[in-house]
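Student: I am new to this entry and would like to go through it by question and answer. Could we look at the model before starting?

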Amino acid sequence: MVASTQDDGFVVFEHVQKSYDGETLVVKDLNLTIGQGEFLTMLGPSGSGKTTCLMMLAGFETATHGDIRLDGRPINTVPPHKRGIGMVFQNYALFPHMTVGENLSFPLEVRGMSRSDRERKIKRALDMVQMGAFANRRPAQLSGGQQQRIALARALVFDPQLVLMDEPLGALDKQLREHMQFEIKHLHESLGITVVYVTHDQGEALTMSDRIAVFNDGRIQQLAPPDELYERPRNSFVASFIGENNRLPGVIEEIAEGRALVRLDTGELIDATPVNVSHKGQKTLVSIRPERVEYKPEMLPPNAHLIEAEVMEFIYMGDIFRTRLRVAGSEEFVIKSRNTLGQRMLQPGERIRIGWAPQDARALDPL
Amino acid sequence: MKKALILSTALTAVAFSAAAEQITVMSWGGAYTTSQVEAFHKPFTAETGIGVVSVDADNPATPLKAMVEANNVSVDVVDVNTSDAVRLCDEGQLEEIDPAMLPPAPDGTPATEDFLPGALSECAVGNIVYSMIVAYDESKFPDEKPQTIADFFDTSKFPGKRAMWKSAKTTLEMALMGDGVPAAEVYDVLDTQEGVERAFAKLASIKGDLIWWEAGAQPVQLLADGEVAMTTAYNGRIFAAAVSENKPFVPIWDGQVYEYDLFVIPKGAPNLEAAKKFVAFATGTQPLADQAKWISYGPARKSSAPLVGLYQDGQTEMAPHMPTAEANLTNALPSSYEFWVDHDTELEERFNAWLAN
Amino acid sequence: MADATTDLAAPTPGRLTTADGRPLKAALGRAQSRARRRAFLLVLPLLLFIVITFIVPIGQMLHRSIHNDGFSRNMPQLSQWFADTEPGTEPDEVAYAALAADLKGAAEAKTIGIVGTRVNYEMPGTRSLFTSTGRKARGFEPPYREAVLEADPKWGNPSLWGTMRQVSRAYSPNFFLASVDLARDNEGNIVRAPQERRVYVMLFQRTFLIAGLITVLCLLLGFPIAHLLATLPLRTSNLLMILVLLPFWTSLLVRTTSWIVLLQGQGVVNNSLVATGLISDANRIQMIYNQTGTIIAMTHILLPFMILPLYSVMRPIPPSYVRAARSLGASSWTAFRRIYLPQTLPGIGAGALLVFILGVGYYITPALVGGASGQLISNLIAFHMQDSLNWSLAAALAAVLLAAVLILYWLYDRLVGIDNLKLG
């Protein structure tokens, strides 16, 4: 179910801009195409414009400029209740004066559905989220996770093609959140609906999405499947926002054939893959994932550059070891190694040499 | 121990009262209270050293009754109208006042003969005569001016809205006089069922043009705002507006209903002796005459009349503005408290019912 | 430690006990009673305050509405004679002797006026009969019947004796009867008051009608404002809230007077209408000194009491409810009617109840701007408190009003549920 259909343009944002005060743009020239059946996540820090995009799609905000199309139809002037989009809200927005059943019945009633049809659909939707026994409860009598399921069932009960979710799991505790992530993902796959999901939790985004649009400062910084986003961040913001990452500032010393040699500010030379740097003498920030750093020379390519490091702290975390090093003047350099048979526990004060495969270190724009 | 306590308490009380003896006088507020402060309170304090605190109420008889019934009297002298004075006296809520303690007139006439008839009673000493009169706005009637109480009820000859006091009292009497009943016969007529019907019928003839006022300041405001062309009002208020504010208001003395305001002392007054002293002082010939300098209400003593001089502006002769001036008494009705103590319940209820329907 | 665990875990038939063997309930009660005592001591001042300033006066008021001993206390011998004889008994020499003695006693005690006033409430025109005969009572000598009748032949009137019999008992339903336009005739039968004196039932109806109308107007005007306040950013809404509350900070009389300035015949509104040619000078609209004036001024004065509870209910309703409804396919009207409105019901109930109850009791405003047709029952209660000084009748009228309001409250509780009330 990977986004093979993204080119048919089920949802299209075209040069969309949004300003609330007429002075600053919250969304700056947004172009985004979402395919039918895709699970797309809008990820970004608060104030990055992701929720505004979602609200424009739902019809609660109007675009200041540009077009939004749904299934080929421009929807800029279509009121929210005629868009046929299901939506799950951050705090669920279950109507407190209605029972669970009445909450689910509401979208069907306003569509003029007959009583028997309604009951059938409500039962199906409740069963889908394993809440069949709760139709007569009030929302206030349910736990957070149960409310979440009801909100999901309500957004799905009228069979929308597109479902929007605005940080739907934000109020749940960690364990429940992870459980619900799988349930939502499962529902998405079994129903074949298109989901646009907003979150600021990168773990959630990586777990669930077909593609992730990373938002910052009103723009999409990178739009890519989770693995690509993690492995090949296109700029420093994405690299630092997704996953853990060590950063070493320096200047390009040599650059050729997809390889670069970077002179760190402290004088050492390291290998890197140039991403958005192009010529010698350019300032850069080299980004390396902690799990890609190696300190056993036999594991490294023969011509790899190595640099000196001093162990500052060793943390035993069960499945992995996490070691903090002093590297090139910084004490925040972290490496992670799997707890495999024979893996050595480094001692604080120990001096080692570390290195990496050139394709694992990405020379990016300086922040 | 106990004795010492009592003794010290008594000493404290004596010391306290000696240091600051003062009485509290309750009156109706506004220009009227001012006239009393100027003519009575200040000279009294100057002569006796007893301070006078002045408090006001819409109708002082109401708080007086409440205080006496609650056995918690905090005022010493109260200014009330005749029917309330008689009624409160009959209900035992007032101290008796012996007329012998009142000073005689300057020529030696004893107080009992110097006061106008009805101004002295068992529990009360009259101070002023005030009057309910008709007044009109001259600018509203450029040609023929209204002259009589009958003109008040004639809205075809003198068009314009009217205002009257929202009370059966004075209103019914004026209605009868407006219907042609001479002042002397008003209460005889009003004592009969037909007379009451006649009075209400007269009021009904202009009901659509009538606005009802409750506080004494309202009719003057209604005239000034142009809301009404004619109104009933207390003569002092009209005088004040006409003379000190140069309003084109003209009083019609024909059909006026006048009565007394009197000083009474509530039963249980905290400073009984000082209160009596105050009443005797304030109702003396000179203070009563002085009061007229501040407000156009007539003194209740005959001997005060010749002493009435100029208004505080220094140029208006007060005598012709008094309800008791000879020229103003040609068709004037002294309000009958005997009638009203018997009939107020019945007639006020009927008046309220008539108003509301 | 291990033992304690076993004890707790073991299913204990009967009562639970603490470690030293005392019943658990008793121990808990003891532990809590101290806290309860302290809590009670803390609320005690308020309790006393309410009892002294609220419950006792209202109790006295209610008592006064059925109890008036003006006659029985001051005419003890005659009251005794009435108690000893059957209703309708012709007054004999014994009765006249008792009357003469009581009149003499009351005149000396200066309570004759109270007696006269009490009888006068029921039978107008008799007050002076008591005071004047009282003055002559000192000279009465047997046979008393002749002596009294000679002083004033009105004493022979059987209605007067019927009335005196009625008032000779301190407890009497007469004031309540009067407050609903009923009376008792000489035989004690309940009859309607004469046509020209019936006023209270009509005024009660008018009062409830006008208060209801004002409640509806306040709701219609206040709902959009409260909604606006609840949805605006806090800074803006706080500023606007000050404007809403401004009337609270000006005195009632100032507000009422400003309505007079605006609405009177020569007032701002009429002048503007004449100036713009909408109405002719001769046809100025009468908006004050009638019911219209009462309704306009009271709606203004009571509006904050509607807005505040509405606002406090609306403020915490997140906009996501209506958005959710819209996303689920509801038009804005449906979303309002089915989702927003039901959630504001506690505020509507509280506001309506407040406005209605306050509206029923207002009297200064109707007195100043209501003219004759805008008078409410409270104006007559005030009249009997302040002018006629017939406090028993005022108390009876107030008690009827209180009962009506309590019934309303009870109805509200039955229909909406009082726990569904949010006052702010």
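Student: At which residues of chain A does UniProt place the feature "domain: ABC transporter"?
Tutor: This is a predicted model, in which local features need pLDDT of at least 70, side-chain atom pairs count only at pLDDT 80 or more, and totals for chains, interfaces and linings use all residues. Residues are numbered from 1 along each chain as its sequence is written, while chains are lettered from A and ligands numbered from 1 in the order in which they are written. UniProt positions follow the numbering used here, feature names are shortened, and annotations may be inferred rather than shown by experiment. The unreviewed UniProt entry places "domain: ABC transporter" in chain A at residues 11–242.

Student: How far apart are the end C-alpha atoms of residues 11–242 of chain A?
Tutor: Helices (H or I, at least four residues) and strands (E, at least two) are DSSP runs, numbered from the N terminus. Residues 11–242 of chain A are 36% helix and 24% strand.

Student: Which chains share the most contacts?
Tutor: Two residues are in contact if their C-beta atoms, placed from the backbone, lie within 7 Å. Chain A and chain B do not touch, with 46 Å between their nearest C-alpha atoms. Of the two pairs of chains in contact, the one that shares the most is chains B and C.

Student: Which element gives the most to the side of chain C that touches chain B?
Tutor: This contact takes 36 residues from chain C and 28 residues from chain B. At least two residues each come from α5 (112–122), α6 (127–136), α10 (200–231) and α18 (377–386) of chain C. Counting Ala, Val, Leu, Ile, Met, Phe, Trp, Tyr, Cys and Pro as nonpolar, Asp, Glu, Lys and Arg as charged, and the others, Gly among them, as polar, this side of chain C has 14 nonpolar, 17 polar and five charged residues. The most, seven residues, is given by α5(C).

Student: From which element comes the largest share of the side of chain A that touches chain C?
Tutor: Here 19 residues of chain A meet 15 residues of chain C. Two or more residues are given by β6 (85–88) and α2 (100–109) of chain A. The side of chain A divides into 13 nonpolar, four polar and two charged residues. The largest share, three residues, comes from β6(A).

Student: Is chain C compact or spread out?
Tutor: Chain C has 19 helices and two strands, and its C-alpha atoms fill a box of roughly 95 × 90 × 35 Å along the principal axes. The globule rule is 2.2 Å times the number of residues to the power 0.38, and the radius of gyration is taken over C-alpha atoms. For 424 residues the rule gives 22 Å, and the radius of gyration of chain C, 32 Å, is well over that, so compared with a compact globule chain C is more spread out.

Student: How much of residues 204–412 of chain C is helix?
Tutor: The unreviewed UniProt entry annotates these residues of chain C as "domain: ABC transmembrane type-1". Their end C-alpha atoms are 20 Å apart.

Student: How far apart are the centres of domain 1 of chain C and domain 3 of chain C?
Tutor: Domain bounds come from an automatic or database domain assignment. For chain C the assignment gives domain 1 (21–53), domain 2 (76–169) and domain 3 (200–420). Taken over C-alpha atoms, the centres of domain 1 and domain 3 of chain C are separated by 41 Å.
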